[in-house]
Amino acid sequence: IASLWTYSTSPGVSGADYDGQAQDPGALRMPHATQILGILCLLGVDHSEVVNQLVQIKTGEGKSIALGFTAAMLACLGFNVDVVCYSSALSQRDESAFAPLFEKLNKQGKIHYRDFYSLVAGVMEDNSSEHFPKIQQYYNSLLKTGGQVPQTALNKKDRVILLDEVDVFFSESYYGQLYQRSFKIENSYDLLRHIWRHPDQVDLATLMQQNFVKSIMQSNPGLTKSMLEHEMRQAIYVREHYKDSPQPEHQVNEQEGTIVYIDPVSGGPAPSISYGYYTTFLYLEKFSDERFKASPELRNRVCLQPLCGGLLYSKVPQLYAIRLGMTGTLSNLTKQQEELLGQFEIKRKTFLPSTYKKKMLNEGQEFGDTATRVVPKAGLYKEIANEIKRIVCTPTPRAILVIMEDNPALLDFGKWLLDQDVVKGLPQAERITDGLSPNELQSRIFRATRRSAVTLVTRSYGRGTDFVCRDPRLADNGGGPMLMTF
């Protein structure tokens, strides 16, 4: 597998242009010793069997390549593999990078790269793989026939999950959060449109006598009166409080007639996120024009949606027979996180040495370059701006990465920068989020290491992203510092 990867990615034998940079024609891309050692540990060559375990390969030493090789090996052995990451952008990047290898092995159908959102959505959605029950499909059948929902056992004996950066799975955005799935009740568009347009005429008893409600009951024989009344109460309650409830950040595409929410962690679009009837009424608000009224797409999205199931993100590993992972910070997990690993039945933890001789963060630097400052929250943005000016507005300018806690913080600081006199003379700050196209994302990562560059990123890009300094004058000026803001 490693030899095939070397052959297909090294410019000397394939003409490959890796990372958009000119390569030495004689160079061969080969996995290093720590990567191979990590793969062998995950595959249990030093053990009598493959057990649930985590391996620490230090940040920046090629976990993505090691995970790709491991996925290929397991697929060749007959397993179905999900490689799961916290970032959709990084998942897409790694999937694209390894697609040629998987195709040459004819195993592309057995390996899937996903972020946590899309993984859980894949379990619950109709378009999930054959290995997962199709919950929504069962309930739709129930409505039409009034029959029983079939009990389908999940076949997990041949499934393996490879976790990339397992500590992120413990964050408050994932651990303890519930992904809920609803199913759609057909012919309910007119009912919801009535509730939206006439919020003062939504008496339940009166609504039950309307023809559009009778039509719902007729087209869904399995729908009980009590279930329908319950959903109508839910929709009426949301409509009453809609104007007082702020909508999460979202993107409206009038041409396609879609609304996509922004993942607050990664800053990228997350099509699987919905907020129930708040999303339903948002569609009616944004697409109230008569030209959308008869749109089949709009009618499909605006409908009663009873909940039919939910899945805790923390239960995802239990859907797999084998649970493996690589992370750069396994030694930094808290006591509570260590205890949670026991729930996932993690049997072993392996800590691998570094391939490289690394320097201490502050070696050869003045303390001021690595100092931590505590400032009042009210003055935080001004302190950040002053630090940016200190780095880039000098005769020997450097680049700076400003790392924000999450996407809302990044957007808020970006807006603040545009309105402040203190930032006059600063280069325009670029933002890196999951919402960028792959080409634009790589362009901004490349530009982030130019002199005088100011780049705002979220914490998720602090790992798995290669910010490489290729400007010798920037290196002479001291390189590009990172400014953590949380």
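Me: Contact here means heavy atoms within 4.5 Å. With that cut-off in mind, which residues is Leu191 in contact with, leaving aside its neighbours within four places in sequence?

Reply: The model is predicted. In it, Leu191 is in contact with Leu207, Phe212, Val213, Ile216, Met232 and Leu304. Each of these residues therefore has a heavy atom within 4.5 Å of one in Leu191.

Me: What makes the set of residues that includes Leu191 a nonpolar core?

Reply: A nonpolar core is a set of buried residues of listed types, Leu, Ile and Phe among them, joined through side-chain atoms within 4.5 Å. The largest such core has 65 residues, and those with the most contacts inside it are Leu191, Leu192, Ile195 and Phe281. Another core, of 28 residues, lies apart from it and includes Ala72, Leu74, Phe102 and Ile322. In soluble globular proteins, nonpolar side chains tend to be buried together.

Me: Why is Asn106 called exposed?

Reply: The term exposed requires a relative accessible area over 50%. Asn106 has 60%, so it is exposed. Its place is in the loop between α5 (88-104) and β3 (111-115). Asn106 also has a positive phi of about 60°, although it is not a glycine.

Me: Why is Ser452 called partly exposed?

Reply: Buried means under 20% and exposed means over 50%, with partly exposed in between. The relative accessibility of Ser452 is 23%, so Ser452 counts as partly exposed. Ser452 is found in the loop between α18 (438-447) and β14 (454-458).

Me: How do you know that strand β7 is mostly covered?

Reply: In β7 (residues 258-262), 5 of its 5 residues are buried, so each has under 20% relative accessible area. Thr258, Val260 and Ile262 point one way, while Ile259 and Tyr261 point the other way. In a regular strand the side chains alternate between the two faces of the sheet.

Me: What makes β6 and β7 a pair of strands?

Reply: Pairing requires at least two bridges. β6 (residues 250-253) and β7 are joined by 4 bridges, so they pair, and they run antiparallel. Val252 stands opposite Ile259 in β7. The two strands form a hairpin with 4 residues between them, and Gly257 in the turn has a positive phi of about 70°. β7 is also joined to β8 (residues 269-270) by 2 bridges, again antiparallel, which meets the requirement of at least two. Tyr261 has Ala270 in β8 as its bridge partner.

Me: Why are β13 and β15 called edge strands?

Reply: The open sheet has the order β13-β14-β12-β15, with parallel pairing. The strands β13 (430-432) and β15 (482-484) each pair on one side only. Neighbouring strands of this sheet are turned by 25° against each other on average, direction ignored. β15 pairs with β12 (residues 400-404) over 3 bridges, and Leu401 has Met482 in β15 as its bridge partner. Helix α17 (residues 407-418) lies across β12, β13 and β14, running at about 155° to β14.

How values were computed:
Residues numbered from 1 in each chain as written. Predicted model: local features only at pLDDT ≥ 70, side-chain atom pairs only at ≥ 80, totals over all residues. Heavy atoms only, no water. Buried < 20%, exposed > 50% of the residue type's maximum accessible area, 1.4 Å probe, protein only. Axes fitted to C-alpha atoms, helices over the stretch in contact; angles between N-to-C directions.
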